[in-house]
Amino acid sequence: TTNHLAMEDLGAREGVQFRALPDRRFENGCSAIGAVQLTDVGVPTTNITAMTCPVARQYGRWLREVVQPAASQILGTTVTRIETFGTYSCRPVNGVAGNRISEHGYANAIDVSAFVLGNGRRITVEQGWNERDERVKRFLRAVHRGGCQRFSVGLGPDSDALHYNHLHFDM
């Protein structure tokens, strides 16, 4: 099946370790179809649960091709942990009743909130986006821009008031 091929590609070509999750459909129209649970993408990441193969693939690429190079070039260190607000969550867009189901309701999105660096420093999107330290601002904008180039949708603090504290990426 297409899903099986996507999972093989995820492991073999992308070097992302995961376990396949059973397809699930939930009340209110939410689902996690063709989803995986990442077990190793090279950087420990908090709060990640079910995510579709395309999100998992792009997340791995984003970490490898954008986040680590930006941390090295701009901050002179590595990222040792990424903190997120999660992936799957059965809720409407922006949590507003009556809105269509969020991409999180299909396990098709991730919200990144902070980066922990090799030197022990923790950079949050909320505090760092308008930080006086130009390097921190450059780093966050570089990883946001790189995410926008790899995911179908990328939202951040400049998008709207609801994204003041995280970078939202979805397919």
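User: How many bridges join E4 to E5?

Analyst: In this predicted model, local features need pLDDT of at least 70, side-chain atom pairs count only at pLDDT 80 or more, and totals for chains, interfaces and linings use all residues. Residues are numbered from 1 along each chain as its sequence is written, and side-chain values use heavy atoms, with hydrogens and water left out. Strands (E, at least two residues) are DSSP runs numbered from the N terminus, as are helices (H or I, at least four residues), and two strands pair if DSSP finds at least two bridges between them. E4 and E5 run antiparallel, and the number of bridges joining them is 2.

User: Which residue in E5 is the bridge partner of Val36?

Analyst: Val36 belongs to E4 and stands opposite Ala20. Towards E5, the bridge partner of Val36 is Met51.

User: What is the order of the strands in the open sheet?

Analyst: Strand E4 (residues 35-40) pairs with E1 in the antiparallel sense over 4 bridges. Strand E1 (17-20) and strand E5 (51-52) are the edge strands, each pairing on one side only. The open sheet therefore has 3 strands with antiparallel pairing, in the order E1-E4-E5.

User: Which cysteine is joined to Cys30 by a disulfide?

Analyst: A disulfide is counted here as a pair of cysteine sulfur atoms within 2.5 Å, and by this rule the count comes to 1 disulfide. The S to S distance in this pair is 2.0 Å, and the partner of Cys30 is Cys90.

User: How many residues apart in sequence are the parts that this pair ties together?

Analyst: Cys30 lies in the loop between strand E2 (24-25) and strand E3 (31-32), whereas Cys90 lies in the loop between strand E6 (79-86) and strand E7 (109-117). The pair therefore ties together parts whose separation in sequence, in residues, is 60.

User: Is the disulfide of Cys30 and Cys90 right-handed or left-handed?

Analyst: The torsion about the S-S bond of Cys30 and Cys90 is about 85°. The disulfide is therefore right-handed.

User: Is Cys90 buried, partly exposed or exposed?

Analyst: Buried means under 20% relative accessible area and exposed means over 50%, with partly exposed in between (1.4 Å probe, protein chains only). Cys30 has a relative accessible area of 2% and is buried. Cys90, at 35%, is partly exposed.

User: What is the distance from the sulfur of Cys53 to the closest cysteine sulfur?

Analyst: Cys53 is buried, with a relative accessible area of 1%. The closest cysteine sulfur is in Cys30, too far for a bond, at 19 Å.
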